[in-house]
Amino acid sequence: MLTLAVMACQRAPVELAFQYSSNASSRTGLTALSDGVLLGNEAGTVVRLDREGRPVWTTRLGREVAVAPALAGESVVVGTVVGEVACLSLEDGKERWRLGGEPPVLTPPVGDDAGHTVFLVAPDGAVRALAVDSGQERWKRPAPKAPAPASAESLEPQPSVAPGLRAAPVLVADVLVVPLGSGLWALDARSGEPRWSQPVKDVVGLDSERDTVFVATRPGRLLALSVKDGSTRWEQRFSDGLTGPPARALGALWVGAGPSSLVGLSTSEGREVARVVLPSPLVGRVQVGLEDLLLVPTSGHEGNLVALKAPGWTPAFTVRADTPLRTRPVVRGPLVFVLGLDGRVLAWRLRVPPPA
């Protein structure tokens, strides 16, 4: 196990490429595109930016967009807190269809790899699959009752739970794994039929690798579950709780642990392989930059983006955004995009250091 404290570094090998203000606070995070990013904000604006920070298009939905837009083929599916779901053209942002009178969209939509279906989770736990080309409902499952371990019983309605942002589902092959207030559910992505369930609650995030889904909970449980049947492959517990979702990067599974640590674990065994003390908690996900850099966004008011160098996880540099960073960076070549809580998108260009 390696424990480090992130300290002041020498001149950072980065330069600010641009900053763009969306003119309102944002908590959506960035949706990565091949040539830029997408974001939404509290004013109900959806923006596509190119690599140089120029708006390709701007679409105004009028009400807050609280979670990241979903990319589905050549379309973008986005929802608002008042229950509108819209499909926009990725090319020019024009509206293709819109549904009104829907449940508030407080969980990020998830699209399938083919770009044909998008999955939405309502605040009460109901799950729907919509056709991307038309918005037509393919299937719907009502909110489940509290599950028994590894069960595959039919889903039954339950009373609504208090609205609030929830961790996004993950789609692994044809299985949609959904964190709900009543537990963790796996549904057949084609039919909505339940595959299995586990009584894992207060989930802060999921990630997946081949046939395994990794689950982090706020009280401090980190589990690796079989996608096939929900059985536990390994489990670790953190006495100070977990502050952010898990993310695979550079051969390890990384998670934010209380009060302000970054912990790396073996994906196959759950064995701790690294621990780094951060200047403030990690509540988003780490990202990889320039092959051997681990980029860590921190949530303090200074908004430090910490870069750690593999394999020793020594500090390479720290750059400051002056706004909390609560979502995962996006990397495109030497460019690193981050979204601040104040709605600014900042991009830094990483400079490859000369050979020693």
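Where is the place of leucine 290? The legends below, which describe a predicted model, take up this residue after an overall view.

**View 1. Overall composition of the predicted model.** The secondary structure of the protein comes to 33 strands and 0 helices. Of the 356 residues in the protein, 57% are buried, and the accessible surface amounts to about 14900 Å², with carbon and sulfur atoms contributing 48% of that area. Among the contacts with a separation of 6 or more, 44% are made by residues 24 or more positions apart.

**View 2. Leucine 290 in its loop between two strands.** Leucine 290 is placed in the loop that lies between strand E27 (287–289) and strand E28 (293–297). Although leucine 290 is not a glycine, its phi is positive, at about 50°. The relative accessible area of leucine 290 is 28%, so the residue counts as partly exposed.

**View 3. Aspartate 322 and its positive phi.** Aspartate 322, a residue other than glycine, has a positive phi near 60°, and is found in the loop between E30 and strand E31 (330–332).

**View 4. Strand E33 and its pairing with E2 and E32.** Strand E33 (residues 344–350) is largely enclosed by the rest of the structure, because 6 of its 7 residues are buried. Strand E2 (residues 14–21) pairs with E33 in the antiparallel sense over 7 bridges, while strand E32 (residues 335–339) also runs antiparallel to E33, with 5 bridges between them. Arginine 349 in E33 is the bridge partner of glutamate 15 and also of leucine 335.

**View 5. The hairpin formed by E32 and E33.** Between E32 and E33, which together form a hairpin, there are 4 residues. In the turn of this hairpin, glycine 343 has a positive phi of about 90°.

How values were computed
Residues are numbered from 1 along each chain as its sequence is written. This is a predicted model: local features need pLDDT of at least 70, side-chain atom pairs count only at pLDDT 80 or more; totals for chains, interfaces and linings use all residues. Side-chain values use heavy atoms; hydrogens and water are left out. Buried means under 20% relative accessible area, exposed over 50%, partly exposed in between (1.4 Å probe, protein chains only). Two strands pair if DSSP finds at least two bridges between them. Contact means heavy atoms within 4.5 Å. Accessible areas come from the Shrake-Rupley method with a 1.4 Å probe; for residues, only the protein chains shown count as cover.
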